[in-house]
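Subject: Structure handover

Hello,

Here is the structure I promised to pass on. Please open it next to this email, and then read my notes below.

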Amino acid sequence: MAGGGHGGGTGRLESVLTDTSVPWTQRIWSATTIEMKLLLSLAAPAVMVYMINYLMSMSTQIFSGHLGNLELAAASLGNTGIQIFAYGLMLGMGSAVETLCGQAYGANKYEMLGVYLQRSTVLLVATGVPLAIIYGFSRPLLILLGQSKEIAKAASIFVYGLIPQIFAYAVNFPIQKFMQAQSIVAPSAYISAATLAVHLVLSYVVIYQVGLGLLGASLVLSLSWWIIVVAQFAYIVMSPKCRLTWTGFTWKAFSGLPEFMKLSTSSAVMLCLETWYFQVLVLIAGLLENPEIALDSLSVCMTISGWIFMISVGFNAAASVRVSNELGAGNPKSAAFSVVVVTTLSFVVTTVLAIIVLCLRDYISYAFTEGETVARAVSDLCPLLAVTLTLNGIQPVLSGVAVGCGWQTFVAYVNVGCYYIVGVPLGVLLGFKFGLGVKGIWGGMIGGTFMQTLILMWVTFRTDWNKEVEAATKRLDQWEADKKQPLLANQE
């Protein structure tokens, strides 16, 4: 059996849950208190990190918007059209580190974490090369996708400055997941907050004072991401907290890459299918008869949804770390209990926010635009936004549980079925055939998300957690065997 837990809270939770001498209600209360402490110390800084990353891109868009309407359109297209694609792909591939590092840390196989970190970085940097080539050809690609030559030219200038950002992502996400697996989340939050301040000052100087315009805006964004990467890596190398998990660079980073690639690809597909789902919604809405109002009201709702989704992403990270740590430590009851607590907590938080959005439905759009027509359209869409927010309280958290267990391939299949075989066609049918417009498109897509959430809930709550512990142990033993093979060959 894998090692028996660490850090006090993990092992203590399992002993509280298995202590039958204590009344059931008292056991649940004690266990909930322990779990909430562990969860919130992970979720709160994680939410902050994702919110700040989101703000960095948003502030670049705002700075660009003050240069003119063409620049705003170009930055929006570069950010939401092209950058989101790379972000989703890299974050998804990086989540393979979350599964393996989380389970290895729970099992006290600390030295493996550094190997996984390097292995993932090698794969992600290699993936970054074709992405950089795509960025280089962004102008003809955007024209091919039907954008005007003027916007395509401006957007491609913005995108050229984002090429260094691809490789910052390639190093950042494995580092972030490596630290999260050890419940080291606060340093990333502090580093991100300090970088945001530097980013705002640099953006102002480079765009307006030096006059580098769009290219300057995107180059500063790339630089800010590299500052985050370098600062986090410096923390790993110098912090006593990482002395067992980071033992320096090793050639083992280049072994076992095919298996690692398999898990990384499944993770990337799983996450990209989710990220692109709402981009598809925006693209379809652009085909409606009166697309301007539809797109304006939709972009307001999507911005609010995006902000609140960052909270769910924070809970997703916390769920993944908690579950993988408990499975690696051989604590099935704790893993199952953690799932219930994190899902309930996230659901309560997002439901409260959904109610607030509904109460402010008539005023929300004025934060973005003055138009009364858009305000009415946004107010009309708010019930659908509230349903989406509530579902987003459950679905990303269960995806986090799936990452913690290593079920990425299964979830990728579920996502294809629910999102693209059910959600998108249903949305098109309701929006165009039944004349419900943007509400129909969104309603259909909510149907797909609802179906996916039900499947994930059914699978998660029917899981045999003892079997998951065995699977985690087997996976770690396999990696351990890979590691020892060269040594045995040398001895012979």
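Which residue forms a salt bridge with Lys439? The partner is Asp380, and the closest N and O atoms of the two are 3.5 Å apart. This pair links distant parts of the chain. Lys439 is partly exposed, at 37% relative accessible area. Asp380 is partly exposed too, at 40%.

One caution before the rest: this is a predicted model.

**The other salt bridges**

The count comes to four salt bridges. Start with Glu35 and Arg322. Their side chains meet in a salt bridge at 2.7 Å, N to O. Glu35 belongs to helix α2 and Arg322 to helix α11, so this pair, too, joins distant parts of the chain, 287 residues apart.

Why are Arg322 and Glu326 separated by about one helical turn? Because they are four residues apart in helix α11. That helix covers residues 291-328. The link between the side chains of Glu326 and Arg322 is also listed as a polar contact of 2.7 Å.

Taken together, Glu35, Arg322 and Glu326 are linked in a network of salt bridges.

Arg322 counts as buried at 3%. Glu326 counts as buried at 0%. The cut-off is under 20% relative accessible area, so each of these values falls in the buried class. As background, side chains of opposite charge can pair when their charged atoms come close.

**Asn53**

Helix α2 also holds Asn53. Asn53 is buried, at 4% relative accessibility. Which residues does Asn53 touch, leaving out those up to four places away in sequence? They are Gln176, Ser192, Trp225 and Ile228.

**Helix α8**

Ser192 brings us to helix α8, where it is one of the buried residues. Helix α8 runs over residues 186-209 and has 24 residues. From its first C-alpha to its last, α8 reaches 34 Å. That is close to the 34 Å expected at 1.5 Å a residue.

The buried residues of α8 also include Pro187, Ala189, Ile191, Leu196, His199 and Val206. What covers them? The cover includes α2 (24-65), α7 (163-181) and α9 (213-238). After α8 comes Gly211, whose phi is positive, near 80 degrees.

**A nonpolar surface patch**

Last, look at the surface. Phe347, Val348, Val352, Ile356, Leu360, Tyr363 and Tyr366 form a nonpolar patch there. Together they have about 650 Å² of accessible area. Val348 is in helix α12 (residues 332-359). Val348 is partly exposed, with a relative accessible area of 45%.

**Where to look**

Then go to Lys439 and Asp380. After that, turn to Asn53 and its contacts, Gln176, Ser192, Trp225 and Ile228. Finish at the nonpolar patch that includes Val348.

Best wishes

Technical notes
Residues are numbered from 1 along each chain as its sequence is written. This is a predicted model: local features need pLDDT of at least 70, side-chain atom pairs count only at pLDDT 80 or more; totals for chains, interfaces and linings use all residues. Side-chain values use heavy atoms; hydrogens and water are left out. Patches are made of residues with over 30% relative accessible area and no salt bridge: like charges are joined within 9 Å, nonpolar side chains (Val, Leu, Ile, Met, Phe, Trp, Tyr) within 5 Å. Accessible areas come from the Shrake-Rupley method with a 1.4 Å probe; for residues, only the protein chains shown count as cover. Helices (H or I, at least four residues) and strands (E, at least two) are DSSP runs, numbered from the N terminus. Buried means under 20% relative accessible area, exposed over 50%, partly exposed in between (1.4 Å probe, protein chains only). The expected span of a helix is 1.5 Å times one less than its number of residues. Contact means heavy atoms within 4.5 Å. A polar contact is a pair of N or O atoms within 3.5 Å; within protein, one must be able to donate a hydrogen and the other to accept it, and residues adjacent in sequence count only if both atoms are side-chain atoms.
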